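Below is a short report on a two-chain model. Please read it alongside the sequence and coordinates.

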Amino acid sequence: MTTAEQVLVRPGRARAKRRVNRRSLAGYAFVAPALILLVVFALGPFLFTIWVSLHSWNMLTPLTTMPFEGAGNYSYLLNDDALFRETFGNTVYFAVGNVVVSVVLALSIALVLNGPIRLRAFWRAAFFMPYVTAPVAIAIVWRNILDSNWGMLNGLLARVGLPEQPFLDSLNQAMPSLIGVSVWHEVGYYMIIFLAGLQAIPYDLYEAAKLDGASTWRLFWTITLPLLRPTMLFVVVVITLSSLQVFDLPFILTQGGPVNSTNTLVMYMYETAFKFLRMGRATAMAVMLFGVIFTMTMIQLRLLRERE
Amino acid sequence: MTTSDKTGNRMFMTPVSRRRFAQGLAASPFVFGAASRGVRTTYAQDKVKLVVLTHWGSAEQKDPLEKIFAEYTQANPNVTIELQTVAFDDLLNRITTGQLGGEAPDIYHFYNLWLPDFVGSELLAAPPDDISTDVTGAYGEGTVGGASYNSKVWGYPTEVNDYQLIYNKKAFQEAGITAAPTTFAEFRDTAKKLTKKDSSGKVTQAGFMFLAGWDSGVVHPWTSLLWSNGGQYVADDYSKALFNSQAGIDVLQLETDIVNDGSSIMSTLTDADFESGRVGMTIMANWWGATLRASSLGMDNVGVAPIPHGEGGTPIALQYEWLWGVGNTSQNADAAWTFLKWLNNPRDSAEASSPMGEFLTSALNAIPGRQSDQKAHADLLSDPFVKPFVDAFATSKSEPIIPGAQEIKTNLQKQIESAWAGQESPTDALNTAAQDADRILKEKAAS
């Protein structure tokens, strides 16, 4: 292009570029509030967490003086910290138990309540009610119900002639008890989600299949379950996320005991950070837990979306 | 460019580029932060405001404390005192967040186990010489030891607590037991005798209550028994844990035997089982007295005895305490120490109680650390429940104030519970806890 051509073309291009810039600026201005909030309250703390995890810090000294540890915190957790491995195992145990039992139970209840049943609204409200109760209150009530010495449940077992159980005082029964309480608390919420999913399935599909002589079981496997896949995906991902981060229920119900049998990763993280003042190590746990949750979620999304 | 405000004053506006605006916006948090700190500094020049942080937050504790503070501010009109309270469980979090956010109080009331971290992080100001001299001269040896770290006193001790064997007199009477156990053998035997079971074998009254799931509830009684068996917790130079010696193993074996005998229950922090009369004995601190007084058990049914001891040992109770300290970042450190000196010294004569002594004995039912306060309140401290705890201070030892103390204690608690549950032998459990402790001590020594 000659100089003369450049002179001719440049003003037009420049105007267009300015227009684009103005439009871009307006766009940026509109998304700025959300972007700023995201950076300040999500991305910023996340990056800060990663940064702290590479240091040793007790929260009492200035950030500028904390010694750099590199991968030291990660290496310690993976190689030397037996309690980290134990609490991670407990967390996975809780998550798997909670996901399996909650999904099966919530779906079963939703299927029953989706059919012709008397007092349907009452049952829906009854199952949903525990979900709106504060976990702290639930934990206190269940602590009394499950007390091995003087608990109500053991009183009931004794009356019907069954052997009393140690429940929360037993190394083997404490975690299943905790899962049971968690399922009782949350199953109503997931039941409502499944119910919404069931009601979105066109009824004519069932009618057509019935005309072809399909059994109830076959209707469930070939129509209900495949069409519930998006709902199932949502429920499984949400329960997994919340289960891997469980804290309040074991914190109040068992304090992680007996002997660490219900000590979860987030409880250990809390203890490491706020009781032992080892923020570097605690944030390293948080980063590793994030990695696990992220990976698990991606796998679940891939598996459950595969056939769509 | 000019514009006018509501008063009609003309204000000049300079054109600001986008870059300048962005730079200004980014710098604003620092500017505001600096400005807020500046306000406090300026304020301190003409009138002193002391911010006091404590966990004494219930109305029964806060109201009398505020009255005492008001007494001081009336006598010193240039001083105002703001009392901030949080629950004990949140106190350490509040201290760390206050430190991070530049909102640290002038005066801290804290658990002495936190001293190594606080001193190591330069959170606390060293007291002036007259305060150190006052503390070392007016408090018992164990209490001064509990307020010291690296051979230096760091504040005024307030409530002191030690552990004793607390028992249900009615249960003793029903079992035909006339005296509290003094030796380990008697201790185990008494726990057995106090245990009641129904026809199905279910425990209806436990001989002894272990306070599981709570680090102090597990480790403090165990350490008292360890010392009463001639053992040591840690080397004097903090280089090595010694609680896994034979003396420690014997104590954990004794506790495990009591569990295996079926003579115990594992209670939670509520301690409701003892208060409702379903437990024969436990080892607990004097602060529990206030709860027991309010319980249905009745103080007439509560007995207190020295810690049982091993062969050749003598009863030694673990003692811990709280203390007032001044923040290193306080702009009013001198005023804070002056106030603390007033708060913790006898009012008129050497025989009189200090304001703190009055508060501790009346609002908390606690034992004051200052010896003159103990004498001034001799009538209250001669109460049948309190007196054995006071007497035990003569031989008690302070909870070891060592670097990483909280982490070592929590790890030890978990290992002791593991032995109770039969997951590990007492020897293995204590060796694991000692290995952890040695690692932590080494790490802290290097940092």
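In domain 1 of chain B, 23 residues are in contact with 24 residues of domain 2 of chain B. Contact here means C-beta atoms, placed from the backbone, that lie within 7 Å. The model is predicted: local features need pLDDT of at least 70, side-chain atom pairs count only at pLDDT 80 or more, and totals for chains, interfaces and linings use all residues. Residues are numbered from 1 along each chain as its sequence is written, while chains are lettered from A and ligands numbered from 1 in the order in which they are written.

On the domain 1 side of that chain B contact, the elements giving two or more residues are helix H4 (115-120), helix H6 (141-146), strand S8 (156-168), strand S14 (318-326) and helix H17 (387-392). H17(B) gives the most to this side, with three residues. Helices (H or I, at least four residues) and strands (E, at least two) are DSSP runs, numbered from the N terminus. By class, this side has 14 nonpolar, seven polar and two charged residues. Ala, Val, Leu, Ile, Met, Phe, Trp, Tyr, Cys and Pro count as nonpolar; Asp, Glu, Lys and Arg count as charged; the others, Gly among them, count as polar.

In chain A, ten residues of domain 1 are in contact with eight residues of domain 2. The domain 1 side of this contact divides into five nonpolar, five polar and no charged residues.

Chain A has 13 helices and zero strands. Chain B has 19 helices and 16 strands. The C-alpha atoms of chain A fill a box of roughly 100 × 70 × 30 Å along the principal axes. Its radius of gyration is 27 Å, whereas a compact globule of 308 residues would have a value near 19 Å. That radius is taken over C-alpha atoms, and the globule rule is 2.2 Å times the number of residues to the power 0.38.

Buried residues make up 28% of the 308 residues in chain A. In chain B, 47% of the 447 residues count as buried. A residue is buried if 20 or more other C-beta atoms lie within 10 Å of its own, exposed if 12 or fewer, and partly exposed in between. A:Phe290, in helix H13 (residues 279-305) of chain A, counts as partly exposed because it has 14 C-beta neighbours inside 10 Å.

Which residues touch the most other members of the largest nonpolar core? They are A:Met191 and B:Leu50, in a core of 164 residues. Such a core is a set of buried Ala, Val, Leu, Ile, Met, Phe, Trp, Tyr and Cys residues joined through C-beta atoms within 7 Å. Helix H7 (residues 174-199) of chain A supplies the largest share, eleven residues. Leaving out residues up to four places away in sequence, A:Met191 touches A:Ala106, A:Ile109, A:Ala110 and A:Phe127.

Finally, the contact between the chains. It takes 17 residues from chain A and 23 residues from chain B. The chain A side has eight nonpolar, six polar and three charged residues.

Note on methods
Two residues are in contact if their C-beta atoms, placed from the backbone, lie within 7 Å.
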